[in-house]
Amino acid sequence: MHFLLLFSRQGRLRLQKWFTPTPEREKKKIIRDMTAMVLARKPKTCNFLHWMDLKVVYKRYASLFFCLAIDDQENELLALEILHRYVELLDKYFGNVCELDIIFNFEKAYFILDEFLIGGEVQETSKQTVARCIEASDMLQEVNVFNVLSTLACC
Amino acid sequence: MPFGSRKCQGMIRVIRSARTQGEERGVIQRECAAIRAQFRQADNGGRSHNLAKLLYVHMLGYPAHFGQMECVRLIASPRYNEKRVGYLGAMMLLDENQDASLLITNSIKNDLAHSSQYVQSLALCTLACMGSAEMCRDLAPEIDRLLRASSSYIKKKATLCAVHIVRKVPELGELFTPAARALLAEKNHGVLHGAVILITELCERNAQTLVQFREAVPELVHIMRGLVTSGYSPEHTVAGISDPFLQVRILRLLRILGRNNDTASDAMNDLLAQVATNTDSSKTAGSAVLYETVLTVMDIKSESGLRVLAVNILGRFLLNNDRNIRYISMTSLQKIVSTDHNAVQRHRGTIVDCLKDQDASVKRRALELSLALVSAINIRSMMKELLLFLSTCPPELKSHAASGIFNAAERYSPSQRWHIDTILHVLITAGADVRDETVPNLIQLITNASQLHCYTVHKLYRALVADISQQPLVQVACWCIGEYGDSLLQGDCEETEPIQVTEDDILDALETVLQSHMSSPATRGFALTATMKLSTREQGTINLIRKSYHLSIYGSCMDVELQQRAVEYNALFKKYDHMRAAVLEKMPVMDRSSMGQTNGESGGGGVQELEPTKPKQPEMMVAPQPASQVGGGEGGGGHGF
């Protein structure tokens, strides 16, 4: 996988994950191109596009477009499943996830993504395991914060 | 459920309430100034919030490079929440091209050995995301250690980290090969999945490693069989398929191992047949697995029975309600149409039906495939469908469809008349979208079909009278009328309905072309020359006068090319009238090879020299004529006069 982008129907970026090193200026250009291309697609067309030498797989969930760029070798149908799995993970975590959740808790969206994909590949194929790991990391964060607060209180 | 930091959310709210772009910029400038100030201060317990704010601002597209050092500092913090945001910042703001990225190498190294697996996980994730070649070299031994002895949670991440390292520094593949082999024995799906990916990378980069891993084919087949036959598992089943992610990756690895190797291919044959037959493709997950199976079967040395099974799966996909599946079916069929032509031909009917699909991408694929499937046997029926498609297809596909039709017609036309009819049909339907060389090619074709001159000129005359907007059609029609106008005047033609045409009718038609604003200068050139030629084909003197009237108008035309012609033709009427008949003789049959490229030097057979020449001079057509000669060299565009 080369990159994953989430953007709204108005073209505002909500999440970007780059799996190959890309200069900042090129990232901006790619985001512009992807947004324009995907938003221009008519409703009843297939979810696959060609862009440069990459295949782009996109799907709309509520008000967000999920857009994944894959190599020629990779399986487009599986890419759709990957997008779907990520949405399911977000939904489980936030409970009926919506765009606002991802806007106001973008770090969480990234943390969840990082438990599902690493280096452009799927790292865990079990939904439950990913959910459990996120929960555990969150617990660790809570404990940490509690410890910090308690040390500050003691001073 | 602990969500994001309140402070960061507060800032996000403020930014979102800005009503204009300018207001937003103002808010962000203020916030960034505050963040910068905070970064300079000592530890105040809010560092992670500030970096989070900066990362949000970065996502909106504003510069955030001043946060890079803060990422480095936070990563080195002992607190988990600060590390977490620090590593996230590193992945977003630092890539291997930034100098600051090297500074975190030491932190990563320490964190890889941390007592908490969640901290180890952060380090692994970041290394796999943005590790430079240097960092990879530095940390590879650590990764190898983690591959061998750690929890499943860490092993699966370490494996993908190794994948990244191998992509960055292929020579390090050797280091990971032994561990990769051992990982195939793992039961944990996450680890197994990562192991399969790692082995795939290693085999793709090193031929010896590939040979080595061929021995693992039976093991992979065994794992795959287990997945296919296993029942429901709440952890891994997706729409009735057991871990489709893992299945697809194993199939992809098998493809690489079985390629060009009979033994390996044999060993996986039965398994592939089993997967192909037993996988339920009613949902995307199953279709993804079937799709990968088909790709593997077609790429390895599989038995013919298995190949037919695979192509039939693709054929079934063509009938699927899901347009995604129809689309990938066609891309796959396109890949194999040259190697397994007969198998794909069996599905020709369905493919041709897809020309009528609503989806533009599907239509495009169907067009490509249909053109690839045209053969001498099916040319007539295929052409009917293709011409029908041409009249209704979206504009962006018209040009491609037209060229495809021409190529097919050229290779397989059952008769010359059919060929000419087909080309005329395309010019009438999609004349604006055909390529430039169509006109000289068609003219050449027509001259070669001497028994059809009468038929052709009748058809073209009718088409011209009906519609003069399609330039290529008009050009060819003018040329034919100029050459074969006498056949037109004779009235009857055995292959088409008789039509009464007088000299005046013809001149009217040409005049309409000359005067129409739709005609391009090139087209007007054709019409002018045709008018000239008719002076030798017909006998009436009154019309000669009309023709000189046309020519004198064009003698002062703005277009240099037309002006030049008009002046020369006028000269032919006046000063060189005795040569006119010889100069405007009928063209000899053009030989494809002597026509040369599509440039003007190939045109102008008779008009280029004013001294009487030998009648058959095909080689004169390619001889470059200097522009200063009175005959004049023609400009570009290949007008075959």
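Student: Are B:Glu186 and B:Lys155 buried or exposed?

Tutor: Both B:Glu186 and B:Lys155 are buried, where buried means under 20% relative accessible area, exposed over 50%, and partly exposed in between (1.4 Å probe, protein chains only). Before going on: this is a predicted model, so local features need pLDDT of at least 70 and side-chain atom pairs count only at pLDDT 80 or more, while totals for chains, interfaces and linings use all residues. Residues are numbered from 1 along each chain as its sequence is written, chains are lettered from A and ligands numbered from 1 in the order in which they are written, and side-chain values use heavy atoms, with hydrogens and water left out.

Student: OK. What does B:Glu186 form with B:Lys155?

Tutor: A salt bridge, with the closest N and O atoms 2.8 Å apart. The term stands for a side-chain nitrogen of Lys or Arg within 4 Å of a carboxyl oxygen of Asp or Glu. B:Glu186 sits in the loop between helix H11 (173-183) and helix H12 (189-205) of chain B and B:Lys155 in helix H10 of chain B, so the pair ties together parts that are 31 residues apart in sequence. Helices here are DSSP runs of H or I with at least four residues, strands are runs of E with at least two, and both are numbered from the N terminus.

Student: Which residues do salt bridges with shared partners join into one network?

Tutor: That network is made of A:Glu121, B:Arg167, B:Glu201, B:Arg205 and B:Arg249.

Student: And how many salt bridges over all chains?

Tutor: The whole structure has 36. One of the pairs is B:Asp144 with B:Arg148, at 3.3 Å from N to O. Those two are four residues apart in helix H9 (residues 133-148) of chain B, so about one helical turn separates them. B:Asp144 is buried at 10% relative accessible area, whereas B:Arg148 is partly exposed at 47%.

Student: Now the chain contact. How many salt bridges between chain B and chain A?

Tutor: Seven. One joins the side chains of B:Glu24 and A:Arg12, at 3.6 Å from N to O. A:Glu124 also forms a salt bridge with B:Lys156, the closest N and O atoms being 2.8 Å apart. That pair crosses between chains, with A:Glu124 in the loop between strand E7 (121-122) and helix H5 (127-154) of chain A, and B:Lys156 in helix H10 (residues 152-168) of chain B. A:Glu124 is buried at 3% relative accessible area, and B:Lys156 is buried at 2%.

Student: How many residues does the contact take from chain B and from chain A?

Tutor: 68 residues from chain B and 64 residues from chain A, with contact meaning heavy atoms within 4.5 Å. Chain B and chain A bury about 6300 Å² between them, 58% of it on carbon and sulfur atoms. Buried area is the accessible area (1.4 Å probe) that two parts lose on being put together, summed over both. B:Met59, B:Arg84 and B:Phe245 supply 13% of what chain B buries against chain A, more than any other three residues.

Student: What about polar contacts across the interface, how many residue pairs?

Tutor: There are 22 residue pairs in polar contact between chain B and chain A, both residues at pLDDT 80 or more. The rule asks for N or O atoms within 3.5 Å; within protein, one must be able to donate a hydrogen and the other to accept it, and residues adjacent in sequence count only if both atoms are side-chain atoms.

Student: Switching topic: where does B:Ser121 lie?

Tutor: In helix H8 (residues 117-130) of chain B. B:Ser121 is buried, at 5% relative accessible area. The side chain of B:Ser121 makes a polar contact with that of B:Lys157 (3.2 Å). Leaving aside neighbours within four places in sequence, B:Ser121 is in contact with A:Glu115, B:Tyr153, B:Ile154 and B:Lys157.
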